[in-house]
Amino acid sequence: RPPGRDWGMEPLIEDSLSRVLREAPRRDAELRTACEEALKTLNERRAEGIRDDDDADRYFRPFQLAAQHSSAKIRTMALDAMQKLIAWGYLKGSSHLDGAGGRRLLIDEVIDVIAASRSFPYAGVQLQVIKALLTAVSSNTCHVRGDTLLTAVGSIFQIFLESKAADNKRTASGTLHQLIGIVFQRMEVWEQRKTAGLPPPPHAALLPPPEDSAAATKRTHEEAVAAAEAEAARAAASAEAESESAEGADPADGSGATADGDATSAAAAGDGEGEGDAGSAA
């Protein structure tokens with residue numbers, strides 16, 4: 001079975017990079033070298049007796065290159081691996097990037113790399129982008145803020161607008177609602193603490209209880225599909241009701257007109273009989 005949360009970080013990285021390495025063409029020397037070096041580092045640390053390593057930041061480079069590959073399969077592998085590493089708290093992105101003046105964190109680069117695949121012309125890659133960005137923003141270990149947060153939300157919105165896959169559009173719509181809810185929850189917590197004169201809360205305190213990312217994405221997708229089906233059912237019921245109302249209105253109008261005509265004829269006949277009786281009496 002594929003590595004799971006209970007396997008730890010190293011088996012997940014080793015399995016993911018080994019699969020990328022098998023798929024990468026020999027001409028992609030940079031990607032293959034990055035994968036081989038990361039696997040070598042894993043083996044060296046294992047030989048040194050280093051266990052329970054939970055910092056995947058040092059292994060980000062091969063996933064970055066794989067996520068920029070022209071192959072949809074390799075991209076999907078890389079995005080899926082990053083999503084799992086973030087979900088399980090291994091890829092935190094807390095280290096500072098070289099030459100960024102101490103202002104840009106690795107998580108900013110991680111989000112940029114994931115978001116860059118939002119326009120990739122393959123539905124599976126777009127779905128992985130949605131899952132990975134939702135996981136990163138809702139994570140208790142990643143600090144996605146400011147422009148990086150806007151990039152994440154904007155990328156999912158772009159998928160909603162441009163994707164040709166109906167399932168991806170519904171999933172993006174549901175994910176956007178979930179992300180906006182998280183952002184507003186953070187705003188409320190910050191405002192409450194500011195009013196009380198308290199310092200800003202830890203990042204984890206701003207978020208809802210942790211939830212398995214795959215289950216959360218599936219639930220979001222199912223809710224979006226259910227909402228779309230319910231809306232379609234309501235529209236169909238409304239159209240049917242309007243049609244029945246229109247069909248029932250025509251006979252009613254005709255019968256009304258007939259009744260009016262009968263009443264007029266009866267009145268005229270009554271007048272005639274009255275005039276005849278008056279003439280006979282005269």
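**Group meeting: helices, contacts and burial in a predicted model**

C35 counts as buried, because its relative accessibility is 0%. Throughout this talk, buried means under 20% relative accessible area, exposed over 50%, and partly exposed in between, with a 1.4 Å probe and protein chains only. What we have is a predicted model, in which local features need pLDDT of at least 70 and side-chain atom pairs count only at pLDDT 80 or more, while totals for chains, interfaces and linings use all residues. Residues are numbered from 1 along each chain as its sequence is written, and side-chain values use heavy atoms, with hydrogens and water left out.

How many disulfides does the structure have? The count is zero, taking a disulfide as two cysteine sulfur atoms within 2.5 Å.

Now the overall layout. The chain has nine helices and zero strands, where helices (H or I, at least four residues) and strands (E, at least two) are DSSP runs numbered from the N terminus. Read from the N terminus, the order of elements is α-α-α-α-α-α-α-α-α. Of the 282 residues in the chain, 37% are buried.

M77 belongs to helix α4, which covers residues 72–87. With 10% relative accessibility, M77 falls in the buried class. M77 and L17 are 60 residues apart along the chain, and their C-alpha atoms are separated by 8.8 Å. The other case is V110, in helix α5, residues 106–115. V110 has 0% relative accessibility and is therefore counted as buried.

Next, charges. There are nine salt bridges in the structure, each a side-chain nitrogen of Lys or Arg within 4 Å of a carboxyl oxygen of Asp or Glu. I will go through some of them.

Start in helix α1, residues 9–23, where D15 and R19 are placed four residues apart, about one turn of the helix. Their side chains form a salt bridge, with 3.2 Å from N to O. How accessible are the two partners? D15 is at 28% and is partly exposed, and R19 is at 25%, also partly exposed.

The next bridge joins E30 to R61, and the closest N and O atoms are 2.8 Å apart. This pair links distant parts of the chain: E30 sits in helix α2 (residues 29–47) and R61 in helix α3 (residues 60–67), 31 residues apart. E30 is exposed, since its relative accessible area is 51%. R61 has 39% and is partly exposed.

D112 is partly exposed at a relative accessible area of 30%. R104 is partly exposed as well, at 28%.

There is also a network of salt bridges, and the residues it links are E10, E14 and R46.

Last, the aromatic part. The structure contains one aromatic pair, meaning rings of Phe, Tyr or Trp (its six-membered ring) with centres within 6.5 Å; planes under 30 degrees apart count as stacked, over 60 as edge-to-face, and the rest as tilted. Which residues make the pair, and how are their rings arranged? They are F157 and F160, and the pair is stacked because the planes are at 25 degrees, with the ring centres 6.4 Å apart. F157 and F160 are three residues apart in helix α7, residues 146–162, so about one helical turn separates them. F157 has 40% relative accessibility and counts as partly exposed. F160 is at 28%, which also places it in the partly exposed class.

F160 has a further contact. The charged end of K169 sits over the F160 ring, 5.3 Å from its centre. The rule for that is NZ of Lys or CZ of Arg within 6 Å of the ring centre and within 35 degrees of the ring normal.

To recap: the chain has nine helices and zero strands. The structure holds nine salt bridges and one aromatic pair, and the disulfide count is zero.
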